[in-house]
Amino acid sequence: MAGKKTVSRWKLVASGSWLAGQEFPLYEEGTILGRGKSCDITIPGTHLSRNHAELVIRDGQLKIRDLESANGTFLNEERISEATAAPDDILRMDVYSFRIVGPQSARAAKPATPKPASSVHIAAHQSLHNIRNLKKEEKDYSKTQWITEPTSIGNRTHNVPAHHIAHYISFWIALGIGIVVIGILAAYFLL
């Protein structure tokens, strides 16, 4: 907005959705984010409230306040009404996610020194463990269903548990067997 001074050391960097990679500077006097045209950061998405959240920098810290939005404001996947954010935290408003970049942002700093081999081994082991768990969970799901319309902005899906599909198949098999048994019994008693 005209007349507001940006804080060059604080900004939001969009991740995911159609905004991925876009940067939004924050204002010293406070920044309102939402879909309304009067917001400092306007994102024309139906998943945002007109005035969704307010971001204010006080004493070198970023304060976030949800403005009673319909779909909520989340900081590191925890729903908030008010919270203090740190650089590299993740701010999410329904389907829109942003990485917070600030003065001590780890990604803005120099490259990290390599980890010792033992911690790399532990991280690799943990990753393999996580992959195995995901494969186990994957067996419980067999198809995807749309939550929103496939053509809507920010469309979302969820996996349908496989046991629901198995129930439908079992029902039809049992119904077929029942009809055959009734047919055989009817033929036996009528002859």
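**Salt bridges and a nonpolar surface patch**

In this predicted model, Phe189 is found in helix H2, which spans residues 162-190; helices (H or I, at least four residues) and strands (E, at least two) are DSSP runs numbered from the N terminus. Residues are numbered from 1 along each chain as its sequence is written, and side-chain values use heavy atoms, with hydrogens and water left out. Because the model is predicted, local features need pLDDT of at least 70 and side-chain atom pairs count only at pLDDT 80 or more, whereas totals for chains, interfaces and linings use all residues.

Phe189 is exposed, with a relative accessible area of 64%, where buried means under 20% relative accessible area, exposed over 50%, and partly exposed in between (1.4 Å probe, protein chains only). Together with Ile169, Ile173, Ile177, Val181, Leu185 and Tyr188, Phe189 forms a nonpolar patch on the surface, and the accessible area of these residues together is about 770 Å². Such patches are made of residues with over 30% relative accessible area and no salt bridge, like charges being joined within 9 Å and nonpolar side chains (Val, Leu, Ile, Met, Phe, Trp, Tyr) within 5 Å. Accessible areas come from the Shrake-Rupley method with a 1.4 Å probe, and for residues only the protein chains shown count as cover.

Side chains of opposite charge can pair when their charged atoms come close. With a salt bridge defined as a side-chain nitrogen of Lys or Arg within 4 Å of a carboxyl oxygen of Asp or Glu, the count comes to four salt bridges. One of them joins the side chains of Arg65 and Glu54, at 2.6 Å from N to O. This pair links distant parts of the chain, with Arg65 in strand E6 (residues 61-66) and Glu54 in strand E5 (residues 53-58), 11 residues apart. Arg65 is partly exposed at 35% relative accessibility, whereas Glu54 is buried at 19%.

In another salt bridge, the side chains of Glu77 and Arg92 meet at 3.1 Å, N to O. Glu77 lies in the loop between strand E7 (73-75) and strand E8 (78-80), and Arg92 in strand E10 (residues 90-93), so the pair ties together parts that are 15 residues apart in sequence. Glu77 counts as exposed, at 53% relative accessibility, while Arg92 is buried, with a relative accessible area of 18%.

Asp88 likewise forms a salt bridge with Arg99, and their closest N and O atoms are 3.2 Å apart. Because Asp88 lies in the loop between strand E9 (82-85) and E10, and Arg99 in strand E11 (residues 96-101), the pair ties together parts that are 11 residues apart in sequence. Asp88 is partly exposed at 24% relative accessibility, and Arg99 is buried at 15%.
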